[in-house]
Amino acid sequence: MRRAHPVESGEPSVMIPGTAAPLGETLLLCHDRASGLSAAIAVDDTTLGPGLGGVRWMSYPSFAAATEEASRLSRVMTLKNALAEIPYGGAKSVIMRQGDMVDQPARRHAQLLAFGASLRHLEGAYVPGVDMGTSVADLAAIATVVPWVSCNHEDPSPATALGVFHSIDAAVRRTLGRDLSGVRVTVQGAGHVGSTLADLLGSHGALVSVADIDGDRAAAVARRVGGTVVAPDVAHAIPSDVFAPCAAARVLHAAAIDQLDCALVVGAANDVLATRFCAELMARRGIVYVPDFVSNAGGVLQIHAERAGWEASRLAAALAAVGQRTSDLLDESVATHALPLHVAEQWTSVRLGRTVTIPD
């Protein structure tokens, strides 16, 4: 990618009333009384193609909070897909979870069908995939209603983890001047992505600590990789070489950054910064932050590979390129005295022909 001056401030954004989230191209609020569905679908940008992004199914304190998360994450997907050099724009959706839907399979299925019916209004401008709280089976249910669905046959989580692994490996080599053997990595979140990432790191000699709100799940992963379990509320403060957030969004706020005891932050979680200025706070402490939309692109590469009919070798090369992109990013950051976040934002802005930054 061509070199350009780092972005210091984003373009003025129209904000969704009552939230701190930017309003993209399309915002669809969905409600279905019969099934109980409440959902928000945010399509941020379709310059490069239809918006690609997961369907997140979580509890939210309000519909406004759910809408804000969808919109923020859709902007991050715009940056991710552009930097991954795949023909998709950015989008995201969230479904508000009410109670434990695992115990209500009929209601869950009805809500998925209602969500699919809402997707018809977008006429293919949004390609949904799996995310936190959803599965391949969920996307397969949606695909019975609309055809433009991804992840209805294969879970991209292993590819996401492999891309993050390549990014961590490259960042460690570039910043610490060593391979992964003996490197201390704290993985925050032991779900599909975090557990696979822990396996990859452990198999390459890293010393892995695992944190998860499900203590049994964290313990199982730690046993498998010969690692240790740490409490999720203090995982960011554990002395380590790399902190790898792989769970919820916006976990790095000013107070948490003050407590970080690591050299690198490289993970799988989307929208990990509470505000854009948090990247500057980490830099002031000498912590190198690889933007999540750079490190966690493996999942969207897997989705595109399946849709485009790539051979396995081509996908493997694209996932390895996540590491090379990380190295190039850190090299340009040093050369231009700009934060990696600002360099990555500028790379995206060049590709899209307009200034694009993460939400603040």
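At what angle do the axes of helix α2 (residues 105-119) and helix α3 (residues 136-143) cross, and within what distance do they come? In this predicted model, the two axes come within 8 Å and cross at roughly 50°, which makes α2 oblique to α3. The crossing of these two helices, α2 and α3, is right-handed.

On the α2 side, the residues that meet α3 are Arg108, His109, Leu112, Leu113, Phe115, Gly116 and Leu119, and their partners in α3 are Asp138, Ala141 and Ile142. Sorted by class, this contact of α2 with α3 comprises six nonpolar, two polar and two charged residues. Arginine 108 also lies over the face of tryptophan 57, at 4.1 Å from the ring centre, whereas aromatic pairs number zero in the structure.

From α11, the contact is made by Arg325, Asp328, Leu329, Leu330, Glu332, Ser333 and Thr336, and from α12 by Pro340, Val343, Ala344 and Trp347. The residues of this contact of α11 with α12 divide into six nonpolar, two polar and three charged.

The two pairs are set out below.

| Helix pair | Angle between axes | Distance between axes |
|---|---|---|
| α2 and α3 | roughly 50° | within 8 Å |

Methods
Residues are numbered from 1 along each chain as its sequence is written. This is a predicted model: local features need pLDDT of at least 70, side-chain atom pairs count only at pLDDT 80 or more; totals for chains, interfaces and linings use all residues. Side-chain values use heavy atoms; hydrogens and water are left out. Axes are lines fitted to C-alpha atoms, for helices over the stretch in contact, and angles run from 0 to 180 degrees between N-to-C directions. Helices (H or I, at least four residues) and strands (E, at least two) are DSSP runs, numbered from the N terminus. Angles under 35 degrees count as roughly parallel, over 145 as roughly antiparallel, 65 to 115 as roughly perpendicular and the rest as oblique. A crossing is left-handed if the near helix is turned anticlockwise from the far one by less than a right angle, and right-handed if clockwise. Contact means heavy atoms within 4.5 Å. Ala, Val, Leu, Ile, Met, Phe, Trp, Tyr, Cys and Pro count as nonpolar, Asp, Glu, Lys and Arg as charged, and the others, Gly among them, as polar. Rings of Phe, Tyr and Trp (its six-membered ring) pair if their centres lie within 6.5 Å; planes under 30 degrees apart count as stacked, over 60 as edge-to-face and the rest as tilted. A charge sits over a ring if NZ of Lys or CZ of Arg is within 6 Å of the ring centre and within 35 degrees of the ring normal.
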